[in-house]
Amino acid sequence: MEVISLRRNVLQRYDEIARENRQLFNSKNILVINLLSSPGSGKTSIIEKTLEKIGNSLNVSIIVGDVQTTNDAERISKFNIPVVQLITNGACHLDSKMIKNALDKLELDNIEILIIENVGNLVCPSSYDLGENMKVVVFSTTEGTDKPLKYPSMFHRAEVVIINKIDLIPYTNFSLEDAKRYVLQLNPKTKIFETSCTTGEGVGEWCEWLLEKMKNINATK
Amino acid sequence: MHEFSLAMDIFNIVLETAKKEKVKKVYSIKLEVGKLMAVIPDSLLFSFETISRGTILEDTKLEIDEVPVKARCKNCKREFEVNELFFMCPYCKSTDLKIISGRDMFIKSLEVEKNGSDKLKT
C-alpha cells in the first residue's frame with residue numbers, strides 16, 4: 001500500500017472561478033453583493049425596497065437563485081432592470097460557476113451594482129465564494145434572537161447583517177439588543193441595519209450606506 | 001445539505017488523481033474538515049457511499065478529521081483556538097483576528113495500491 005499526499009482544497013475549482021469573477025467585477029467597477037438568508041426572511045423585499053430608493057440613480061442588475069419557480073424574478077421585473085433567474089433544481093446554494101454562466105446574460109459595462117440573491121439557506125451558501133465584494137445576511141425578527149449563534153459560519157463571514165421585520169417585534173419575544181450582541185460576537189466588524197420592508201423603516205440608512213460604499217469603490221479605482 | 005455536492009467534488013478529485021497516478025485501488029481518503037465548513041460528518045459519509053456505489057471507489061473509506069477553528073490576534077500576535085465561535089482574543093480582548101485554520105476542507109492524502117500496467121476501470 002502506498003500513500004499519495006494531495007493536500008487539495010475540495011472547493012479549489014469553485015475558488016478559482018470565484019477569483020476570475022472577482023477580477024472581472026473589479027475591472028468593470030461593479031459592486032457585487034451576495035445576499036443571503038433563510039427562506040422567507042425578506043431578501044426579495046429588501047431588493048424591491050432598495051430598487052425603489054436607488055434604482056433610478058444607479059444601474060443595478062440582479063441575479064436571483066431559487067430551487068424552483070421564477071416568482072422572485074417576476075417580482076423584480078416590474079422595475080425594468082436586467083434580472084437573471086437561476087433555478088438550481090434542488091441544489092441548496094449558488095456557486096461561482098453558475099454565476100460565471102449567468103454573466104453571459106448581463107451587460108457588465110452597464111452595471112454599477114450587481115445583487116446576487118442566493119438560495120434561501122444559512123448553511124451551505126456560506127462556504128461558496130461567488131466572487132462578491134461582500135456578503136449581506138438578512139434575518140428577521142420572527143426567526144428568533146439566537147439565529148446568528150445557530151449559523152455561526154454564515155454570520156462570521158457577513159460584512160453586513162440586516163435585521164428585517166422590526167415592525168413585528170411587539171408580537172414576538174425578539175430582543176434586538178441581544179441579537180446585535182450575537183452578530184458582533186461572531187464578527188465584530190459587521191455593520192448592522194434594522195429594517196422593515198412593510199413600513200420602510202431603516203431602508204434609507206441601508207441605501208445611504210450602499211451609495212457611500214459605491215463612492216469609495218469608485219474613488220479607489 | 002451541501003454535503004452531497006462536497007461528496008461529489010471529493011469523488012471527482014479522487015477519481016481524477018487515481019487515473020493520473022495509475023492507481024488500482026483506493027483504500028482510504030483522509031479528509032480535513034474545518035469546523036467553519038458546517039459539515040455534518042455522517043451526511044458526508046452517507047453521500048459519498050451513495051455516489052461511489054458501483055464505481056471503483058465503492059469500498060473506499062472516507063476518514064474525516066475535524067479541524068478546530070484557530071486564529072491569530074493581529075494586535076498581540078498570539079494564536080489560539082476559537083471556542084464557542086467567540087471571535088475575540090482571550091489574551092488582549094482584541095477582535096482584529098486572522099483565521100488560520102478551520103475554514104476549509106482538504107483532501108490530505110489517499111491510501112492506494114498502484115499497478116502501472118493495469119488500467120483503471122471506472
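Predicted model: local features only at pLDDT ≥ 70, side-chain atom pairs only at ≥ 80, totals over all residues.
A residue counts as buried when its relative accessible area is under 20%, as exposed when it is over 50%, and as partly exposed in between (1.4 Å probe, protein chains only).

Residues are numbered from 1 along each chain as its sequence is written, chains are lettered from A and ligands numbered from 1 in the order in which they are written, and side-chain values use heavy atoms, with hydrogens and water left out.

**Chain A as a whole**

- Chain A has eight helices and eight strands; helices (H or I, at least four residues) and strands (E, at least two) are DSSP runs, numbered from the N terminus.
- Its radius of gyration is 18 Å, which agrees with the value near 17 Å that a compact globule of 221 residues would have. That radius is taken over C-alpha atoms, and the globule rule is 2.2 Å times the number of residues to the power 0.38.
- Along the principal axes, the C-alpha atoms of chain A fill a box of roughly 65 × 45 × 40 Å.
- Look at contacts in chain A between residues at least 6 apart in sequence, and 74% of them join residues at least 24 apart. A contact here means heavy atoms within 4.5 Å.
- Chain A exposes about 9700 Å², with carbon and sulfur atoms supplying 45% of it. Accessible areas come from the Shrake-Rupley method with a 1.4 Å probe, and for residues only the protein chains shown count as cover.
- There are 26 positive and 28 negative side chains in chain A, and the centres of the two sets lie 4 Å apart. Lys and Arg count as positive and Asp and Glu as negative, while His and the chain ends are not counted; each charge is placed at NZ of Lys, CZ of Arg, CG of Asp or CD of Glu.

**Chain B as a whole**

- Chain B has two helices and six strands, and from the N terminus on they run α-β-α-β-β-β-β-β.
- The radius of gyration of chain B is 18 Å, well over the 14 Å that the globule rule gives for 122 residues, so chain B is more spread out than a compact globule.
- The box filled by the C-alpha atoms of chain B is roughly 60 × 30 × 15 Å along the principal axes.
- Of the contacts in chain B with a separation of 6 or more, 72% are between residues 24 or more positions apart.
- About 6700 Å² of chain B is accessible surface, and 48% of that belongs to carbon and sulfur atoms.
- Chain B carries 21 positive and 20 negative side chains, with the centres of the two sets 6 Å apart.

**Salt bridges**

- Side chains of opposite charge can pair when their charged atoms come close. The cut-off used is a side-chain nitrogen of Lys or Arg within 4 Å of a carboxyl oxygen of Asp or Glu, and the whole structure has 23 such salt bridges over all chains.
- A:Asp109 pairs with A:Lys28, their closest N and O atoms being 3.0 Å apart. This pair links distant parts of the chain, 81 residues apart: A:Asp109 is in the loop between helix 4 (96-103) and strand 5 (113-117), and A:Lys28 in the loop between helix 1 (12-27) and strand 2 (31-37). A:Asp109 is exposed at 64% relative accessible area, whereas A:Lys28 is partly exposed at 31%.
- A:Glu48 and A:Arg75 also form a salt bridge (2.9 Å, N to O). A:Glu48 lies in helix 2 and A:Arg75 in helix 3 (residues 71-77) of chain A, so the pair ties together parts 27 residues apart in sequence. A:Glu48 is buried at 12% relative accessibility, and A:Arg75 is partly exposed at 33%.
- In the salt bridge of A:Glu132 with A:Lys135, the closest N and O atoms are 2.7 Å apart. A:Glu132 is buried at 6%, and A:Lys135 is buried at 9%.
- A:Glu2, B:Glu21 and B:Lys114 are linked in a network of salt bridges.

- A:Lys43 sits in helix 2 (residues 43-54). A:Lys43 is buried yet has no salt bridge, and the nearest side chain of opposite charge, A:Glu117, is 4.5 Å away. Leaving out residues up to four places away in sequence, A:Lys43 touches several others, including A:Leu35, A:Asn118 and A:Val138.
- A:Asn56 is in the loop between helix 2 and strand 3 (60-66), and A:Asn56 is exposed at 79% relative accessibility. The C-alpha atoms of A:Asn56 and A:Val84 are separated by 19 Å, with the two residues 28 apart along the chain.
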